[in-house]
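Dear colleague,

Please find the structure below, handed over for your review.

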Amino acid sequence: LTYKHKHKYCETMTTITLTDEGKKVLADNGWEQGIVAFGLAASEATCKLAIGLPVLGKDAKWVSVSFDGSDLRSTEGMDAEKGEFTPGAAQSLGVKSELYKTITNGYCSMPVLAIDGQMYSEADQIILMLAKEAGAAKEVLDLIQLSVDANAVALDALRHWGWCGLHASNDYAMVNKEHYAHLGKDNSDPKWEKAKCKEIKTFLGKLESELSKKDKINGYFVGDSITPADAALFNWVQSFEGVTGLDVKKHYPKLYENWEAIKSTNPDGSGMFVYGFPVFCGYVAAANKEAREGGFDINKYWEEGATDDDAAVGGCCTIF
């Protein structure tokens, strides 16, 4: 995985340097030309691309990605309404498959996007790159950058207070264990947790502040219609509420109201995340129920306040 600085707004934009075998696989499958998106639109990262590409006027071919090691297969006979594949995708393959490993050069995460044979990773950075190229307004780019900057710490929190409990309960069948095993209840560190929550408060607080400047909450962070910023920020309320159990409605009422407003408009590409992702959230809540009742609850840091300026920020893995 090679990190390249593409734009002043996007310091962590990543490109995936493919092997000759990876390039051949793209060509053999017709994925080396045009825009090809790989991912499951129900996921909290992939939904950003599923929404952002239409907003940016990008016509993409989709290859659905499942949470297993399945080989490349047709989606014929599969049910998109049940979340089995990304709507519109004619093919699907597993995130743990050798084929996916080859075309991502071992990255093995979703989503990834191929543009004329060049593979890119990290949804927020991809949206930022495309928005910059499209000449998006500075206020839109700044909001996307806000999501880029918060992404690593936010995903650490989602794993720590949510996903780890679920994946541990099923022996990490859907994910790579090394991305999760160092987090979760058994690795609870109050100092690390307080530092993470302090950063999350800053992020969500900035979004709340931006919305407070608007005369009316309409579902959009900028103006009266959807922008790439809304795509990049689309998942956060449902992710924090559904995965970590954070009481977003209580602590960030305008942000919550904005979420309710935008999801009611049914943006193109949002359906699987809006209606399918809560199913996963239910599994997460069940897996973490006992731990949360025992005090492993992110909300306590909002009640107590995360004000320890000396707390060190942990450097946890950010691969999602």
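**Strand pairing, core and helix packing**

Ile 16 has Met 119 of strand 8 as its bridge partner. Please note that the model is a predicted one. The pairing to which this bridge belongs joins strand 2 (residues 14-16) and strand 8 (residues 118-121) in the antiparallel sense, over three bridges.

Strand 8 is also joined to strand 7 (residues 112-115), again antiparallel, by four bridges. Here Leu 113 stands opposite Tyr 120 of strand 8. Strands 7 and 8 form a hairpin with two residues between them, and Asp 116 in the turn has a positive phi of about 50°.

The largest nonpolar core has 99 residues, of which Phe 38, Tyr 100, Leu 204, Leu 207 and Phe 240 touch the most other members. Helix 5 (residues 138-169) gives the most to this core, namely 15 residues. For Phe 240, contacts beyond its neighbours within four places in sequence include Ala 154, Ala 157, Leu 158, Ile 200 and Leu 204.

Helix 8 (residues 236-244) packs with helix 11 (residues 271-293) at an angle of about 35°, and their axes are 7 Å apart. On the side of helix 8, the contact is made by Gln 238, Ser 239, Gly 242, Val 243 and Thr 244. Helix 11 contributes residues including Phe 273, Phe 277, Cys 281 and Arg 292. By class, seven residues of this contact are nonpolar, four are polar and one is charged.

Yours sincerely

Technical notes:
Residues numbered from 1 in each chain as written. Predicted model: local features only at pLDDT ≥ 70, side-chain atom pairs only at ≥ 80, totals over all residues. Heavy atoms only, no water. Axes fitted to C-alpha atoms, helices over the stretch in contact; angles between N-to-C directions. Contact = heavy atoms within 4.5 Å. Nonpolar A, V, L, I, M, F, W, Y, C, P; charged D, E, K, R; others polar. Pairing = 2+ DSSP bridges. Core = buried A, V, L, I, M, F, W, Y, C linked by side-chain atoms within 4.5 Å. Buried < 20%, exposed > 50% of the residue type's maximum accessible area, 1.4 Å probe, protein only.
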